[in-house]
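Open the model in your viewer and keep the selection tool at hand. We will go from stop to stop, picking residues and looking at what surrounds them.

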Amino acid sequence: MATHTSTHAAVSSQTLPNNLGKVTNVPVPLLYTVTYKFSITTSRDVAMPYAVEINGVVHSSYKSKPGRVVCNGVAEIKAKAPAGAKVALYLNSDAHPDYRKTPVYAVTVGSKNIEVRVQEKTGPYPDDTDTPVLQSLLGGPSTLDVYKAVLTGNIWMRISHAYMASEVAALLPAGTRPEVAAAVRSIYTPLTNSALQIHVPASGTNVAASLRVQFMGL
């Protein structure tokens, strides 16, 4: 199989065998790379879930489960899409297949590769949005469009699913002790005390046990 790149705008072709023993030229759109670069400063080694959406459809790689990227300083998420395609991300708990309500950092592919540089900013910043802003590049033509965007407390809230006590049973592993399940449900009731005490009674040869969990900031 041979691949030929056209001299015309953003189109290539492949020569493929057909049923008559001949070859057929099949136009194939050129794909451009969209790279999201996240600069995370408040935490290290955070494994952030994500899913890539292209033209309103989540990529098949993330249909049943999100990907994960380790945010250790700078983290990258890459996708490929043809000219005219709209690329966006689902992040954090919003990347879970059951949620995916708030796509963020959407860009439309033109005739260049794209790099979206997302800088974390601590604080709410209610006036900041997740819309990437194209940067003016000096020095003549470039093969790369660079965008800048921010990740603020408000945006984190938008991409963070508000879990409810009714969801706990489906999320806990099978066989979780009822005392532990009840303690987890109490967190989403919501929890009104900064300390959570878990008591497990004696059973058979197992002695009784207790665990105290202290939450900071409550």
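Select lysine 121. Its relative accessible area is 25%, so lysine 121 counts as partly exposed. Keep in mind that this is a predicted model.

The charged end of lysine 121 sits over the ring of tyrosine 125, 4.0 Å from the ring centre.

Move to glutamate 115. You will find it in strand β11. Is glutamate 115 buried or exposed? Its relative accessible area is 11%, and buried means under 20%, so glutamate 115 is buried. Show what surrounds it. Leaving out residues up to four places away in sequence, glutamate 115 touches Thr35, Lys37, Leu144, Asp145, Val146 and Tyr147.

The side chains of glutamate 115 and arginine 117 meet in a salt bridge of 2.6 Å, N to O. Arginine 117 is partly exposed, at 39% relative accessibility.

Glutamate 76 is partly exposed, with a relative accessible area of 39%. The count of salt bridges comes to eight. Side chains of opposite charge can pair when their charged atoms come close.

How do their rings meet? The ring centres are 6.0 Å apart and the planes are at 75°, so the pair is edge-to-face. The pair links distant parts of the chain: phenylalanine 38 is in strand β4 and tyrosine 105 is in strand β10, 67 residues apart.

Stay on phenylalanine 38 and show its contacts. Beyond its neighbours within four places in sequence, they include Met48, Ile77, Leu89, Leu91 and Val118.

Now show the largest nonpolar core. It has 35 residues, and among those with the most contacts inside it are Tyr36, Phe38, Val52 and Tyr105. Colour β5: its five residues are the largest share of this core. In soluble globular proteins, nonpolar side chains tend to be buried together.

For a last stop, select Tyr99, Tyr163 and Tyr188. Ring pairs link them into a cluster.

Notes: Residues numbered from 1 in each chain as written. Predicted model: local features only at pLDDT ≥ 70, side-chain atom pairs only at ≥ 80, totals over all residues. Heavy atoms only, no water. Core = buried A, V, L, I, M, F, W, Y, C linked by side-chain atoms within 4.5 Å. Buried < 20%, exposed > 50% of the residue type's maximum accessible area, 1.4 Å probe, protein only. Helix = DSSP H or I, 4+ residues; strand = E, 2+ residues; numbered from the N terminus. Contact = heavy atoms within 4.5 Å. Phe/Tyr/Trp six-rings, centres within 6.5 Å; stacked < 30°, edge-to-face > 60°. Lys NZ or Arg CZ within 6 Å of the ring centre and 35° of its normal. Salt bridge = Lys/Arg side-chain N within 4 Å of Asp/Glu carboxyl O.
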